[in-house]
Amino acid sequence: MTKPFDVLPVDASFGAVVTGLRLPELDGPAWRALHDSWLEYALLIFPGQFLEKDEQIAFARRFGPLEFEMGAVSNVREDGTLRVEEEGDDVVKILKGNEGWHADSTFKPIQAKGAVFSAEVVPTVGGHTGWADMRSAYDALDAATKAKVETLSAYHSLHYSQGRIGHVPKKGTDDYRRLGFEGDEDVLRPLVKVHPDTGRKSLLIGRHAHDIPGLAPEASQQLLQELIDFAAQPPRVYHHDWRAGDVVIWDNRCLLHQATPFDMTQRRIMWHTRIAGDPVSEAALG
Ligand code: OGA
Ligand code: MN
């Protein structure tokens, strides 16, 4: 069946640019066709949509209940002033932490299903977002490594991942809660995740993962680093150079993503709507 929009795959094992549609105006059949494309490509990029906030939230809700509606991912404070990189406040440290490959909310009891992410203001240099396909990464492992990782799990923690870049957040602030530090107990997740809709296996790794039970700390750290280094390589990576008005939706159940550095004397204002994971398939172990 031809789709009521155009899908142009990007030059990677995943990802497509989708044009010829207005996201707020999709009828039921068009949305179902789009959902099929999302499961196939895992990352859909919609240039020049310029969604209103309520339109972004409504679009995301079609994919399931939300973990949160609208989070600013930005170096601009509410009063319009810029956060200074050298001062390294908790928000800047999170922006810096995001530069490590990760999946969202894997350190929570239920990891995220996905995100709708849009660009309002973009810097002239840098600030691209990268994604990496953990389905094709798993598929590309040799048989012995596949057999090994099948049996393993890892703890996930935001205190761990931020600690690795020297960030110990100030307790009890609004940012502490908003950025996800509160109630953060390490949760255990398998290294191989089965996608609830497609049945495909993928590597569940990233910066929040640490301390594989049964391995010595150094061996665990080394394996997790080797897996990320192997996984996040062409043709499994794609970086998007944003223009204001662009919208993407990614599948957090089979992709990693990363922020990239930008000139922090310029403004970057992005909006993140996080789709909640299904407690049946995105819950941590135990
Ligand atoms: C996020 C994230 C990357 C970026 O919002 O979860 O990792 O490019 N963002 O800002
Ligand atoms: Mn993220």
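A cavity is a set of grid points where a 1.4 Å probe fits but cannot get out, and its lining residues have an atom within 4 Å of a point. The exercises below apply to a predicted model.

**Exercise 1.** Find how many cavities of 30 Å³ or more the structure has, and state which residues line the largest cavity.

*Solution.*
1. Searching the whole structure gives one cavity of 30 Å³ or more.
2. The space in the largest cavity is about 40 Å³.
3. Its lining consists of Ala 103, Met 134, Lys 193, Ser 202, Leu 203, Leu 204, Asn 252, Arg 253, Cys 254, Leu 255 and Leu 256.
4. Sorted by class, this lining has seven nonpolar, two polar and two charged residues.
5. Two strands, β10 (201-203) and β14, each contribute at least two residues to the lining.

**Exercise 2.** Locate ligand 1 and describe the residues around it.

*Solution.*
1. Ligand 1 sits in the largest pocket.
2. Around ligand 1 are Val 73, Asn 98, His 102, Asp 104, Phe 117, Thr 129, His 257, Ala 259, Arg 268, His 272 and Arg 274.
3. This shell divides into three nonpolar, five polar and three charged residues.
4. At least two shell residues come from each of β14 (255-259) and β15 (269-275).

**Exercise 3.** List polar side-chain contacts to oxygen atoms of ligand 1, using a cut-off of 3.5 Å, and state how much of the ligand's area the protein covers.

*Solution.*
1. Thr 129 places a polar side-chain atom 2.6 Å from a ligand oxygen.
2. For Arg 268, a side-chain N or O atom is 2.9 Å from an oxygen of ligand 1.
3. For His 257, the distance from a polar side-chain atom to a ligand oxygen is 3.1 Å.
4. Ligand 1 on its own has 290 Å² of accessible area, of which the protein covers 98%.

Technical notes:
Residues numbered from 1 in each chain as written. Chains lettered and ligands numbered in written order. Predicted model: local features only at pLDDT ≥ 70, side-chain atom pairs only at ≥ 80, totals over all residues. Heavy atoms only, no water. Near = heavy atom within 4 Å. Polar contact = N/O pair within 3.5 Å; in protein donor to acceptor, adjacent residues only side chain to side chain. Areas by Shrake-Rupley, 256 points an atom, 1.4 Å probe, with all protein chains shown as cover. 1 Å grid on protein atoms, 1.4 Å probe; cavity = no way out; pocket = protein on both sides within 12 Å on 5 of 7 lines; lining within 4 Å. Sits in = over half its atoms within 2 Å of the grid points. Helix = DSSP H or I, 4+ residues; strand = E, 2+ residues; numbered from the N terminus. Nonpolar A, V, L, I, M, F, W, Y, C, P; charged D, E, K, R; others polar. Points joined across faces, edges and corners; volume = space filled by probe spheres on them.
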